[in-house]
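Here is a briefing on one protein chain. Look over the sequence and the model, then read the points below.

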Amino acid sequence: MKKFLKVVGIVLGGIVLFFAALAFWSVQAISDAQERVTPFMEQSVPLVATWDVNNFEALLTPEMVESAQSEKGQKAFKYLSKVGGLKSFSAPKVLKVSSISDISGTGTDIAIVQVNAEFDNGPGVFTFTLLETDSGYLIQGINLNSDFFLEEGN
């Protein structure tokens, strides 16, 4: 019985140690990404908030450029522009970092970043999906949530 309890204790200790290491790695990855993402976002947010894709096209992934320049994309940015001009924004906060790889085994890191912003017509929250490249980050997705859009419909 003592031998069994020792084995169970060792297994449970190993599991706890594994999850502690995983948590440490996750916190470290987010901290590292935060340092790299902050300058990019401080440059990008004012450009994105002009709502003119031509102003920030160089910051987008090729797929995002294609999507943003489509008829649907143009309508989306026109709709988002109703929130008004950017007055201020807070420091970006990295919410999540993950890695993806393609069939060839090439890996890429993705960061989900949140930025609180104040617009002419009220507050909003940007959520950016960033793709890490050799030269920095590119924006793969942009989402803006604001109560202004709820109130506009009434």
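**A buried serine**

Ser44 is buried, with a relative accessible area of 0%. Here buried means under 20% relative accessible area, exposed over 50%, and partly exposed in between, with a 1.4 Å probe and protein chains only. The model is predicted: local features need pLDDT of at least 70, side-chain atom pairs count only at pLDDT 80 or more, and totals for chains, interfaces and linings use all residues. Residues are numbered from 1 along each chain as its sequence is written, and side-chain values use heavy atoms, with hydrogens and water left out.

**Around Ser44**

- Ser44 sits in helix α1, which covers residues 2-48. Helices (H or I, at least four residues) and strands (E, at least two) are DSSP runs, numbered from the N terminus.
- A polar atom of the Ser44 side chain lies 2.7 Å from the backbone oxygen of Phe40.
- Neighbours within four places in sequence aside, Ser44 is in contact with Leu59 and Ile139. Contact means heavy atoms within 4.5 Å.

**Overall form**

- The chain has five helices and five strands.
- Along the sequence, their pattern is α-α-α-α-β-β-β-β-β-α.
- The radius of gyration is 21 Å, whereas a compact globule of 154 residues would have one near 15 Å. That radius is taken over C-alpha atoms, and the globule rule is 2.2 Å times the number of residues to the power 0.38.
- The C-alpha atoms fill a box of roughly 70 × 40 × 25 Å along the principal axes.
- Of the 154 residues, 29% count as buried.
- Among contacts between residues at least 6 apart in sequence, 51% join residues at least 24 apart.
- The chain exposes about 9900 Å², and carbon and sulfur atoms supply 60% of that area. Accessible areas come from the Shrake-Rupley method with a 1.4 Å probe; for residues, only the protein chains shown count as cover.

**The largest nonpolar core**

- In soluble globular proteins, nonpolar side chains tend to be buried together.
- The largest nonpolar core here has 32 residues. Such a core is a set of buried Ala, Val, Leu, Ile, Met, Phe, Trp, Tyr and Cys residues joined through side-chain atoms within 4.5 Å.
- Met41, Trp51, Phe126, Phe128 and Leu130 touch the most other members.
- Two or more residues each come from α1, α2, α3 (62-69), α4 (71-80), β3 (107-119), β4 (122-133), β5 (136-145) and α5 (147-152).
- Helix α1 gives the most to this core, with six residues.
- Trp51 is placed in the loop between α1 and α2 (53-56).
- Trp51 counts as buried, at 10% relative accessibility.

**Salt bridges**

- The count comes to two salt bridges. A salt bridge is a side-chain nitrogen of Lys or Arg within 4 Å of a carboxyl oxygen of Asp or Glu.
- Arg36 pairs with Glu132, and their closest N and O atoms are 3.2 Å apart.
- Arg36 is partly exposed at 38% relative accessibility, and Glu132 is partly exposed at 22%.
- Lys75 pairs with Glu71, with the closest N and O atoms 3.7 Å apart.
- Both Lys75 and Glu71 lie in helix α4, four residues apart, about one turn of the helix.
- Lys75 and Glu71 are both exposed.

**Two loop residues**

- Glu57 is found in the loop between α2 and α3. With a relative accessible area of 32%, Glu57 is partly exposed.
- The side chain of Glu57 makes a polar contact with the side chain of Gln69, at 3.0 Å. A polar contact is a pair of N or O atoms within 3.5 Å; within protein, one must be able to donate a hydrogen and the other to accept it, and residues adjacent in sequence count only if both atoms are side-chain atoms.
- Neighbours within four places in sequence aside, Glu57 is in contact with Val65 and Gln69.
- Glu57 and Leu138 are 81 residues apart in sequence, yet 9.8 Å apart in space, C-alpha to C-alpha.
- Ser146 is in the loop between β5 and α5. Ser146 counts as buried, at 10% relative accessibility.
- A polar atom of the Ser146 side chain lies 2.7 Å from the backbone oxygen of Pro123.
- Not counting residues up to four places away in sequence, Ser146 touches Val83, Pro123 and Gly124.
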